[in-house]
Structure formats: structure tokens, C-alpha cells
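This report covers pockets, strand pairing, aromatic pairs and backbone geometry. Please keep the sequence and the 3D view at hand.

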Amino acid sequence: MRRALRKALVLVLLCGAGLLPSGSWASELLGVTGRVVHGETGQPVRGVEVRVLGMSAGRDPQEQVTQTDTAGRFGVRMDPSFRAYAVQAFYRGVVYTEGPLAPKGDRLEVTVRVYETTREVRNLVLVRRALLLEPVTRGVLEIREVAVLANRAPRTYVGGEEGTLRLPLPPGAREVSVWQGMAPVGVDASGALVDSLPVPPGLREMVFSYRVPHRAGRISLTLPMTLPVEALDVFAPEPLEIRSASLPGRETRTVQGRRVVRIWGEKIPAGSTVVVEVSGLAVPSRILPGLLVGFLVLIGVSAAARPWMRRTPVRA
């Protein structure tokens with residue numbers, strides 16, 4: 001009896017100290033187990049640091065850190081009340097993540113594949129690159145891009161000191177936003193969006209947007225290709241008109257009640273440049289700038305003429 005009471009008291013103290021999840025006994029914890037294997041050889045990898053995260057919206061995450069044994073296996077016990085879990089393995093300076101994963105029952109089994117690294121870029125290719133053009137205001141064209149990057153080598157590409165991937169943007173691009181699939185360093189001096197994420201074997205989808213200002217009803221978008229592109233699509237809603245000598249395919253469809261023009265091309269080699277001619281843009285209003293310039297000129301003329309102006313007396 002005393003032994004049972006002592007055990008219960010120890011568990012209560014551990015919960016109060018935050019060493020066990022509040023309201024959960026050790027027998028009710030979620031078991032997260034799995035293996036770390038080499039993606040190229042399929043062999044287990046020993047001594048790899050593994051981090052398991054429990055995540056829910058509006059809550060601080062729970063984290064447990066362990067290492068793989070000689071068989072490449074790992075195991076931790078987690079608070080089962082989290083909505084999702086992620087497992088990260090650290091190998092050769094790269095973080096490999098599986099998840100978020102939703103457990104079924106009281107156990108979660110995960111296999112994480114890790115790879116050797118390379119700086120050889122020749123196995124990278126953009127399987128698909130799509131641009132959607134959308135005028136947002138007069139004088140500003142917004143471009144949203146979706147790019148699917150493929151690494152066809154059995155090793156993770158880690159790039160160099162300046163980053164792993166460069167995606168040149170059209171000249172004048174500004175207000176760049178990344179929505180998915182990148183950890184951008186920024187835009188370099190040449191106008192390229194620079195990413196810092198390593199590229200493991202397989203596919204990665206990247207989504208980003210930017211804006212290009214214009215002063216006339218037409219603009220030329222210049223797109224340098226640093227990687228080979230297997231398929232390039234450009235979409236524009238009417239009344240915009242788009243043409244490119246490098247993108248011979250053309251069709252028009254109705255999407256959600258709007259007429260959308262699509263042009264496309266295939267097998268575009270690295271080092272080439274695609275120019276897209278865009279017309280039908282709304283021209284920025286010149287009335288207010290003209291009035292402002294006229295007002296400033298009038299002030300300047302008045303100031304310059306003041307020394308020669310004489311006061312005329314007002315007769316009673």
C-alpha cells in the first residue's frame with residue numbers, strides 16, 4: 001500500500017515539474033518509434049540525432065531528442081493530445097523531416113531516409129514552371145509563380161555559400177513574397193531570388209509572387225533560365241494579351257467565368273532567356289502627376305519673379 005502511494009506521489013510531482021505531460025500517466029503516452037535508413041543503400045544509420053515534435057494550433061510544441069541505435073532505430077514517448085507530430089533526422093548537416101503525421105492508436109511508426117550530399121547542380125531540373133499574370137492596380141502587374149523542382153540524383157544538393165538555388169526574376173520585380181517550399185535569403189544584386197534550403201532527391205513545389213511596375217500599356221517580361229525547364233506555362237486573363245517566340249503553344253479557356261489565355265513551351269534549356277510580351281495593361285493616370293508638376297513650376301516662377309515685382313498701392 002505504501003509503495004503504491006509513493007509511486008503515485010512521484011508521478012504527481014513529475015507532472016507538476018513538467019517532466020511528464022499534465023493529466024497523463026506514463027502508460028497513456030504516445031510511443032513514437034521508427035528507423036533512420038540511408039536513402040541510397042537502404043542500410044540503417046546509427047548515431048543520428050532525431051527530434052520528435054508534437055504540434056497543435058495555439059499550443060507550444062513538445063520536443064523530445066534522441067539518437068538512433070546500432071540498428072538505426074529510435075523511440076520516444078510523447079503527450080498524445082497533440083494534433084500532429086513531426087520527426088526530424090540530422091545527417092551531414094541537413095535536416096530530413098517526415099510529417100506532420102496524425103497517429104492512429106497509441107503508437108506512431110516512422111521511417112526517415114537520409115542521403116549523402118553533393119554540390120553538383122546538373123541533376124536539378126524544373127519539371128514545371130507556371131506564371132499567372134494579374135493586374136492589381138493601374139501601373140502594377142502581379143505575377144504568381146508555381147515551380148516544381150526535381151532532384152534526380154540519389155544525393156542531397158546543398159549548393160554553395162551564397163545559397164542552394166537562384167531563380168532570376170524579371171527586371172524591376174519588387175515586393176517579393178514566398179508562400180511555400182523555400183527559405184529565401186533574399187534577392188541578390190542580379191535580381192534573382194536566392195533560396196537556402198537543401199534539395200533532397202525527389203520533387204519540391206515552390207510558390208512565390210512579386211510585382212512589376214509599368215508606365216505603358218505593354219511590357220516585356222524577361223525570364224532567364226538558370227535550370228532546364230521541362231514545361232513553362234504563362235496564364236493571363238483577358239483583356240491582357242500575351243505572346244512569346246519561345247512559347248509556341250496557345251489556347252483560351254473560361255475559368256470561373258473569366259477568359260484566360262495560356263501560352264506554353266517545353267524543353268527549355270538552361271542558359272536561355274524567355275521573353276513574354278504583355279499588352280492590354282491599364283496605363284497609370286497622368287492627370288494628378290501633371291497637376292503636381294504644373295503647381296511646382298508655378299511656385300518656382302513666382303519665387304523667381306518676386307524681386308522684379310513692385311507693390312501697387314491700393315487707392316481708397
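## Second largest pocket

In this predicted model, the lining of the second largest pocket divides into five nonpolar, three polar and two charged residues. The pocket holds about 160 Å³ of space. Its lining residues are V121, Y157, E162, G163, T164, L165, R166, V194, T226 and L227.

V194 also has a place in strand pairing: this residue of β15 is the bridge partner of G186.

## The β14-β15 hairpin

Strand β14 covers residues 184-187 and strand β15 covers residues 192-195. The two pair in the antiparallel sense, over three bridges. Four residues lie between the strands of this hairpin. Among the residues of the hairpin, G191 takes a positive phi near 90 degrees.

## Largest pocket

The largest pocket has a volume of about 440 Å³. It is lined by 15 residues, and those closest to its centre are V95, Y96, T97, P200 and P201. Two elements give two or more residues to this lining: β6 (94-101) and β16 (202-213). The largest share is that of β6, with five residues.

By class, ten residues of the lining are nonpolar, two are polar and three are charged.

## Aromatic pairs

A pair of aromatic rings is described by the distance of the centres and the angle of the planes. The model has three aromatic pairs. One of them joins Y96 and Y115, with ring centres 6.0 Å apart and 50 degrees between the planes. That pair is tilted. Y96 lies in strand β6, while Y115 sits in the loop between β7 (107-114) and β8 (117-118), so the pair ties together parts that are 19 residues apart in sequence. Both Y96 and Y115 are buried.

F208 and Y210 form another pair. Their ring centres are 6.4 Å apart and their planes meet at 25 degrees, so this pair is stacked. F208 and Y210 are both buried.

## A three-stranded sheet

Which strands make up the open sheet of three strands, and in what order? The order is β17-β22-β19, with antiparallel pairing. β17 (218-224) and β19 (241-243) are the edge strands, each pairing on one side only. From one strand to the next, the twist averages 20 degrees.

β17 pairs with strand β22 (residues 273-279) over seven bridges, in the antiparallel sense. Within β22, V274 stands opposite L223.

## Cis peptide bonds

The peptide bond from G99 to P100 is cis, with omega near 10 degrees. P100 is found in strand β6, which also contributes five residues to the lining of the largest pocket.

A cis bond also joins E238 and P239, where omega is about 15 degrees. P239 is placed in the loop between β18 (229-237) and β19.

## Positive phi outside glycine

R92 is not a glycine, yet its phi is positive, at about 55 degrees. R92 sits in the loop between β5 (84-91) and β6. Is R92 buried or exposed? R92 has a relative accessible area of 54%, so it is exposed.

K267 also has a positive phi, near 55 degrees, and is a residue other than glycine. K267 belongs to strand β21 (residues 258-268). Its relative accessibility is 65%, so K267 counts as exposed.

How values were computed: Residues numbered from 1 in each chain as written. Predicted model: local features only at pLDDT ≥ 70, side-chain atom pairs only at ≥ 80, totals over all residues. Heavy atoms only, no water. Pairing = 2+ DSSP bridges. 1 Å grid on protein atoms, 1.4 Å probe; cavity = no way out; pocket = protein on both sides within 12 Å on 5 of 7 lines; lining within 4 Å. Points joined across faces, edges and corners; volume = space filled by probe spheres on them. Nonpolar A, V, L, I, M, F, W, Y, C, P; charged D, E, K, R; others polar. Axes fitted to C-alpha atoms, helices over the stretch in contact; angles between N-to-C directions. Phe/Tyr/Trp six-rings, centres within 6.5 Å; stacked < 30°, edge-to-face > 60°. Buried < 20%, exposed > 50% of the residue type's maximum accessible area, 1.4 Å probe, protein only.
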